[in-house]
Amino acid sequence: MGLNEIKAKKNDLITYGIVIILFAIVAVMVATGMATRHMQSILVPVCINIILAVSLNLVVGFLGELSLGHAGFMSVGAYAGCLFAIYTADILPAAVRFPLAMIIGGVVAAVFGVLIGIPVLRLSGDYLAIVTLAAGEIIRSVIINLGFTGGAAGLKGTPQDSNFIIGFVVVLITMFVIMNFVNSKHGRAIKAMRDNKIAAESCGVNLNSYKLLAFVMGAFFAGVAGVLYGHNYSILTADVFDYNRSIEILVIVVLGGIGSIRGSIISAIIITILPEALRGFADYRMLIYAIALIVMMLLNSSEKGREILSKLNFRSLGSLLKNRGAKKEVQGNDE
Amino acid sequence: MKKNVFKKAFAVAMSVMMVGAFMTGCGSKSGSDENVLVIGGSGPLTGDYSTYGISVKQGAELAVKEINEAGGVNGTEFKLVFEDDMADPTSAASAYATMADNGMQVGLGATTSGACLTAVAEAEKDGILVVTPSASQVECAAPENVFRICFTDPLQGAYAAQVIKEKNIGTKVAVIYDKSNDYSAGIQKAFVDKAAEINLEVVTNQAFTNQSNTDFSVQLQAVKNSGADLVFLPIYAQEAAYILTQAQKLGINIQFMGGDGLDGVIEKAGEANVSALEDVLLLTPFFAKDDSDFVKAYRDEYGTTPDQFAADSYDAVYAIKAAMEKSGAVPTDSDFNEKMIAAMTEIEVEGVTGTMTWDKSGEPDKTAYIVQIKDGKYVEFN
């Protein structure tokens with residue numbers, strides 16, 4: 001047990017290291033003017049996708065339930081946080097308002113997580129996936145039909161407080177909370193539940209409350225990501241939070257490796273940058289994006305592909321894949 | 001050992017390639033190419049709304065081509081950079097940044113309103129002139145540096161109510177609109193408000209969304225039961241084509257009327273359904289007249305009939321040209337942006353969507369025509 005903990009700690013430290021080094025490189029590039037405006041414009045979206053992917057990974061990877069309603073929680077958080085920011089724009093300074101907005105967005109999303117989670121988490125597998133998908137769509141429809149959200153025209157006037165540094169700090173906080181949670185007593189209970197429900201229950205793990213805890217935590221960070229999103233653009237429309245968005249987040253999680261935080265971070269970066277980097281291909285952009293996605297998925301899932309990746313000394317992806325193998329062993333030991 | 005070095009070299013080469021691909025994707029700053037004015041615009045070229053983005057792109061392309069063939073303006077050639085934004089605000093922001101990297105000095109904003117708001121927010125910081133062809137939400141033209149070619153949604157809705165009342169086209173009006181679309185919902189709201197103000201009776205408001213935009217039998221039945229003598233359709237041509245053909249099948253014989261979004265409905269409905277469109281009214285600044293030079297040139301170039309999006313963006317480029325001629329500015333001027341923005345309020349453009357002038361608010365002053373469809377052709381209605 002102790003050995004596993006040390007392994008996990010070391011693993012986490014490597015992940016922090018990767019993120020901090022990447023941040024440092026980008027920060028230097030921005031400071032020295034090497035980064036084009038185009039690059040700078042996608043830094044915040046990268047942070048947002050990392051938060052979304054890491055929080056969804058908690059539900060999909062560690063809880064083991066397929067949730068397709070992540071964009072719904074993101075939109076609830078975004079609207080709550082942005083509405084708060086709009087109404088307090090004249091009263092509070094940005095340094096107080098923005099963190100408060102994020103907390104409010106997160107909490108409101110978490111409340112919705114509880115409301116949706118209580119009935120939904122009685123289900124599992126395909127049923128749960130479909131019901132969360134429906135819940136996300138309901139949230140979107142309600143937002144379009146409400147008056148104070150701006151309806152189809154969107155919500156305008158949110159102060160544009162998001163920037164890369166804040167995004168990075170929130171990414172670190174998200175990583176810190178979720179990684180510690182996963183390695184904690186509660187995290188072990190959740191993983192045990194994923195691997196064998198009956199065994200976990202017989203050991204005294206309260207299935208429903210732990211299930212809900214992980215689900216709500218995922219919703220909270222999705223809400224925070226939503227607030228970050230809403231503060232980055234001058235308009236917030238419900239259309240961007242449709243099921244395509246939920247699936248995009250799921251794609252990130254699956255590509256990075258289910259249950260691997262580091263993988264989620266790396267694949268969030270790749271998936272966000274890829275369509276932008278392909279702008280040079282003009283009309284064929286989305287076609288090439290789709291093909292690249294298929295190739296990456298195939299490469300990622302085949303034994304041969306993993307071999308090639310690790311042989312190429314592709315540290316990030318390679319070690320990530322090895323890591324996944326190691327995780328399986330760890331689970332074996334736990335049982 | 002040697003093998004290891006090779007592996008490392010390969011890894012480095014791969015990373016360099018990836019970064020390189022990204023960099024070229026961004027495009028490098030195109031220095032000070034003295035005699036070229038880079039005009040940047042974005043729109044959905046892929047995805048659900050791609051027909052609008054492609055129309056805007058083609059309209060602008062045609063205008064740029066014509067202007068360059070005629071020798072440019074003030075010794076300057078126009079160059080169009082058009083990026084895909086999938087009608088998504090996030091993508092529009094990075095599309096704008098890409099174009100800024102490419103040396104954009106005048107913008108066309110983004111095709112759709114939501115995306116345009118993020119593009120305009122960036123443009124406001126840069127202070128460049130933006131002439132947006134088709135972003136019809138009021139806030140899009142709020143900054144000082146943004147001018148608009150199309151009507152705003154509220155203006156169009158209020159104007160439609162006014163015309164119906166004045167010309168006595170109908171007394172009991174039913175509205176079918178797309179609740180999930182900002183353009184449609186915006187016009188509907190203004191229409192209903194104005195109707196209440198001038199005592200025009202609106203008997204029913206029937207909504208649909210972009211998830212349910214092919215079968216309209218429920219809405220049409222409700223319209224029929226409401227006893228309306230006019231149906232107002234503040235929607236786009238594709239949905240209107242469905243509504244009109246379905247109305248004919250249901251035997252609903254009420255007068256239909258639409259806004260500028262209805263332009264193109266004849267093509268969308270197809271020749272087999274022309275009879276369903278008989279007598280439909282459109283309140284629009286632009287309709288594709290077969291004998292107009294613009295329509296002919298557009299058909300020669302792209303093989304399709306231009307819609308209002310193409311016409312608006314064609315006019316936008318000519319407005320930029322007019323502003324350059326008026327101010328005598330060239331892109332190398334240090335006060336190019338200020339000169340251009342100031343000139344916009346002084347020019348008059350005889351465009352394909354009517355004769356336009358602008359004031360400081362950025363809204364165009366132009367008229368809309370009422371046209372009627374007869375035998376699959378547009379004729380003016382009096």
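Reader: How much area do chain A and chain B bury between them?

Author: This is a predicted model, where local features need pLDDT of at least 70, side-chain atom pairs count only at pLDDT 80 or more, and totals for chains, interfaces and linings use all residues. Residues are numbered from 1 along each chain as its sequence is written, chains are lettered from A and ligands numbered from 1 in the order written, and side-chain values use heavy atoms, leaving out hydrogens and water. Of the buried area (accessible area, 1.4 Å probe, that two parts lose on being put together, summed over both), 59% is on carbon and sulfur atoms. The total for chain A and chain B is about 3,200 Å².

Reader: How many residues of chain B are in contact with chain A?

Author: Contact means heavy atoms within 4.5 Å. Chain A puts in 35 residues, and on the chain B side the number is 44.

Reader: Which residue of chain B meets A:K156 in a salt bridge?

Author: A salt bridge needs a side-chain nitrogen of Lys or Arg within 4 Å of a carboxyl oxygen of Asp or Glu. The rule finds 4 of them across the interface. For A:K156, the N to O distance is 3.4 Å, and the partner is B:E139.

Reader: How do α3(A) and α10(A) run relative to each other?

Author: Helices here are DSSP runs (H or I, at least four residues), numbered from the N terminus. The axes, lines fitted to C-alpha atoms over the stretch in contact, with angles from 0 to 180 degrees between N-to-C directions, come within 8 Å and cross at roughly 170° for α3(A) (residues 43–63) and α10(A) (residues 207–230). Angles under 35 degrees count as roughly parallel, over 145 as roughly antiparallel, 65 to 115 as roughly perpendicular and the rest as oblique. So α3(A) and α10(A) are roughly antiparallel.

Reader: And how are α3(A) and α11(A) set to each other?

Author: The axes of α3(A) and α11(A) (residues 243–256) come within 9 Å and cross at roughly 75°. That is why the pair counts as roughly perpendicular.

Reader: Over in chain B, is the crossing of α5(B) and α6(B) left-handed or right-handed?

Author: The axes of α5(B) (residues 153–167) and α6(B) (residues 182–197) come within 7 Å and cross at roughly 45°, which means α5(B) is oblique to α6(B). A near helix turned from the far one by less than a right angle gives a left-handed crossing if anticlockwise, a right-handed one if clockwise. Here the crossing is right-handed.

Terms used. Helix = DSSP H or I, 4+ residues; strand = E, 2+ residues; numbered from the N terminus.
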